[in-house]
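Trainee: I would like to learn how to read the packing of side chains and helices, so could you take me through it slowly?

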Amino acid sequence: MVKKTVACILIFALCLALTACGGSNSGGGTASNSANASNSGDSSAPEKKEPVTLEFWTLSLQPTFTDYINGVIKDFESQYDWITVKWTDLPYDAMQQKLVAQIAGSKAPDVVNIWTTLLLGMAGKGALVDLKQEATPEQLSIYQESLSKSNEVGGALYGFPWYVTPPITTYNMELFKKAGLDHPPVDYNEMFEMAKTMKETTGAYLYFPNEMCQVLFSNGIQILNADKTAAAFNTPEAVDLLTRLQQGVKEGWIPRTDWNNWDNMIKLYAQDKLAEISLGAQTVTRIQNEAPDSVSKTNVAPPLLGTAGIAQGALQSLAIPTASKHHEEAILFANFLSNDKNQLAFDKLAAIMPTTKDTAKDPFFTSDTESLEGKARAEAAKAAAVSFDLGLGVEKESEVVSTVNGMFESIMQANKDPKTVLNETEAKVNELLK
């Protein structure tokens, strides 16, 4: 559910504009020369190469961004005239199965757009190129370090960060005023204090928590140990956190169902039954489209943070499968697609935030302080610094995440003892890691 929710948020972000603006196995050239050309915009023709065709897969970008992607490809091909890019766009539900099958059949794409959980899962199987080994320092230097780390395992880097949707808080000012609260909670401790007050005074829930892995990690509880050989989440801090959440569920001020269900949150928000949503800035757009009567009482604020001072963001990256026969050209294209110029143009078309250092400084992100959309964009730009995209980097990533998230049903719905459930889940995860 988590990876699907994250992907849905990103897809939605891409589909609803917030602005009125619209080592190589075959290439034979040096990566540094090509990288310098990419980053500087130098269009001087490199040494003539043998023709190369790159297979490039994206995730649900057509038809909304067909012209944008085709434009970037055209610019790239004009600068590197020995390379042709063949673009394929896949729906979210088809990407994982098709990618795994293609790699197993040694027919992998050369560049693929994937989300963090899948990226790290594929990296754990040795299916992706370590960019620290094959990209140049110039190519690697343009990205935000915090976002690059989301794509790292054991010091190796498996994807260029492409775009991100940091969380912000979107809240109902009237409900907060009615509850006697003058601001949304800034962290989990305040959330616990305010949630009970909100429910008792207004009948509305304050907040729907994220999925269990994210709740634990954002509150400083590691999912796995440092060498990723065993579970690390069965701690006294986890027992305390889950017990407090369970108590809120029992007393009715924390929801019992539908954690991390964005559609349900929008529905309840429209009915004044939910006071805030701490997800991407595109929540504002959904409220404008799906709950127009709520717009006049809506404002935005920084995201709700865990006690670790971080909040879940959603990152999309560009990876190079090891099965590609054109590593150098693939890295060159992925770096070009995600460079400063092309990211800024993409960000102006959709409610996404940049992953490069210089693009994040562009005044476009903070110039509108009047409209709700502009304020949301400014909050999102600031929130990038405290966002993370949790990935475990183990072969059975999806199974481990699903197992940990399954504690929600056992503790919050079946009302089992948190310590007992942590013990059982720890044993299951350790078995998966053998």
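Trainee: Which residues does Leu245 touch, leaving out those up to four places away in sequence?

Mentor: In soluble globular proteins, nonpolar side chains tend to be buried together. In this predicted model, Leu245 touches Tyr188, Met191, Phe192, Pro209, Val215, Ile254, Trp259 and Met412 once those sequence neighbours are set aside.

Trainee: How many residues does the largest nonpolar core have, and which have the most contacts inside it?

Mentor: That core has 50 residues, and Leu245 is one of those with the most contacts inside it, together with Met191, Leu216, Phe233, Val404 and Met407. Among the elements that give two or more residues to this core are helix H9 (173–178), H12 and H21, while H10 gives the most, with six residues. Apart from this core lies another, of 37 residues, which includes Phe56, Ile69, Ile73 and Val111.

Trainee: Which residues in H12 and H21 meet?

Mentor: From H12 come Ala238, Val239, Leu242, Thr243 and Gln246, and these meet Pro418, Lys419 and Leu422 in H21. Sorted by class, this contact has five nonpolar residues, two polar ones and one charged one.

Conventions:
Residues are numbered from 1 along each chain as its sequence is written. This is a predicted model: local features need pLDDT of at least 70, side-chain atom pairs count only at pLDDT 80 or more; totals for chains, interfaces and linings use all residues. Side-chain values use heavy atoms; hydrogens and water are left out. Contact means heavy atoms within 4.5 Å. Helices (H or I, at least four residues) and strands (E, at least two) are DSSP runs, numbered from the N terminus. Ala, Val, Leu, Ile, Met, Phe, Trp, Tyr, Cys and Pro count as nonpolar, Asp, Glu, Lys and Arg as charged, and the others, Gly among them, as polar. A nonpolar core is a set of buried Ala, Val, Leu, Ile, Met, Phe, Trp, Tyr and Cys residues joined through side-chain atoms within 4.5 Å. Buried means under 20% relative accessible area, exposed over 50%, partly exposed in between (1.4 Å probe, protein chains only).
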